[in-house]
Amino acid sequence: MAFPLLFAAFVFGSATASQHANAECDPAKSRGSAQPSVAEMHEAEALYLPTPHPVVEAMLWLAKVSPADVVYDLGSGDGRIPIAAARAYGARGVGIELDGRMIQRARCNAREAGMERLVEFRLEDLFRADLREATVVTLFLFPEMNRRLLPKLLAELRSGTRIVSHRFGLGDWPPERTVEVYGNPLLLWTVP
């Protein structure tokens, strides 16, 4: 199975990249540099909880990401999922994030990983973002946000687009597959 080999390469690559982190990517050093906007304060319902790196790799593996994919991460935080999709699979990654400080950090992380040419991060409300280009969508959002997001996903995503959620479902739409990675449920759907 390819998952263990990709996981080992991802963990090694992540450790190497983090050893070379500079002050620009250090959240403790950049915290006071920007005040949150009204839109960022509205984001309280989308608390930043980073997806652990082994779970990121499992999400991408579950979605069967390939170089032909465009992976959209809704609520992308520090950019770890789009960067991992680019590094491990050669896919294009797009992060949608409402917090400008996290966008800055994600862009820095992409530079450090050497993935700038394959990833981009957009300061947008995920409910207003244009998702039509995505072939894979990843989520780690609370259940109510997922439920509210479902009509948009079904309206904008093309047939065959894979959706992977860390931990929470998409309202009443049952997943076609569920796996558990280190106690973290991952759910997969394919847009009909």
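Figure 1. Residues 29–45 keep a pLDDT under 50, where pLDDT is the predictor's confidence in each residue, from 0 to 100. For residues 29–45 the model has 19 contacts beyond four places in sequence, a contact being heavy atoms within 4.5 Å. Averaged over the protein, the pLDDT is 84, and 76% of the residues reach 70 or more. Residues 1–22 have a pLDDT below 50, and this stretch makes 23 contacts in the model beyond near neighbours in sequence. The structure is a predicted model, in which local features need pLDDT of at least 70 and side-chain atom pairs count only at pLDDT 80 or more, whereas totals for chains, interfaces and linings use all residues. Residues are numbered from 1 along each chain as its sequence is written, and side-chain values use heavy atoms, with hydrogens and water left out.

Figure 2. Seven strands form an open sheet of mixed pairing, in the order S3-S2-S1-S4-S5-S7-S6. Strand S3 (119–123) and S6 are the edge strands, each pairing on one side only. From one strand to the next the twist averages 20°. Strands (E, at least two residues) and helices (H or I, at least four residues) are DSSP runs, numbered from the N terminus; two strands pair if DSSP finds at least two bridges between them. Strands of a sheet pair through backbone hydrogen bonds, either parallel or antiparallel. S6 and S7 run antiparallel and are joined by five bridges; Val181 stands opposite Asn184 in S7.

**Figure 3. Helices H4 and H7 against the sheet.** H4 lies across S1, S4, S5, S6 and S7, and runs at about 25° to S7. H7 packs on the sheet, where it touches S1, S4 and S5, and its direction makes about 170° with that of S4. Axes are lines fitted to C-alpha atoms, for helices over the stretch in contact, and angles run from 0 to 180 degrees between N-to-C directions.

Figure 4. Five of the five residues of strand S5 (residues 162–166) are buried, so S5 is largely enclosed by the rest of the structure. Here buried means under 20% relative accessible area, exposed over 50%, and partly exposed in between (1.4 Å probe, protein chains only). Arg162, Val164 and His166 point one way from S5, and Ile163 and Ser165 point the other way. Strand S4 (residues 136–139) pairs with S5 in the parallel sense over four bridges, with Val164 of S5 as the bridge partner of Thr138. From S4 the chain passes through helix H7 (residues 143–156) to S5, in a right-handed β-α-β crossover; right-handed denotes that, with the strands pointing away from the viewer, the path from the first strand over the helix to the second runs clockwise. S5 and strand S7 (residues 184–190) run antiparallel and are joined by five bridges. Leu188 in S7 is the bridge partner of Val164.

**Figure 5. The surroundings of Arg162.** Arg162 belongs to strand S5 and, at 17% relative accessibility, counts as buried. Leaving aside residues up to four places away in sequence, Arg162 touches Ala63, Lys64, Val65, Asp69, Thr135, Val136, Val137, Leu188, Trp189 and Thr190.

**Figure 6. Two aromatic pairs.** A search of the whole structure finds two aromatic pairs. Rings of Phe, Tyr and Trp (its six-membered ring) pair if their centres lie within 6.5 Å; planes under 30 degrees apart count as stacked, over 60 as edge-to-face and the rest as tilted. Phe142 and Phe168 form a tilted pair, 6.3 Å centre to centre with 50° between the planes. Phe142 lies in the loop between S4 and H7 and Phe168 in the loop between S5 and strand S6 (177–181), so this pair ties together parts that are 26 residues apart in sequence. Phe142 counts as partly exposed at 32% relative accessibility. The rings of Trp173 and Trp189 have their centres 6.0 Å apart and their planes at 35°, so this pair is tilted. Because Trp173 lies in the loop between S5 and S6 and Trp189 in strand S7, the pair ties together parts that are 16 residues apart in sequence. Trp189 is buried, with a relative accessible area of 1%.

**Figure 7. Loop residues with positive phi.** Most residues other than glycine have a negative phi. Lys64, although not a glycine, has a positive phi of about 55°. Lys64 lies in the loop between helix H4 (53–62) and strand S1 (70–74), and is exposed with a relative accessible area of 64%. Tyr182, also not a glycine, has a positive phi of about 50°. Tyr182 lies in the loop between S6 and S7 and counts as exposed at 67% relative accessibility.
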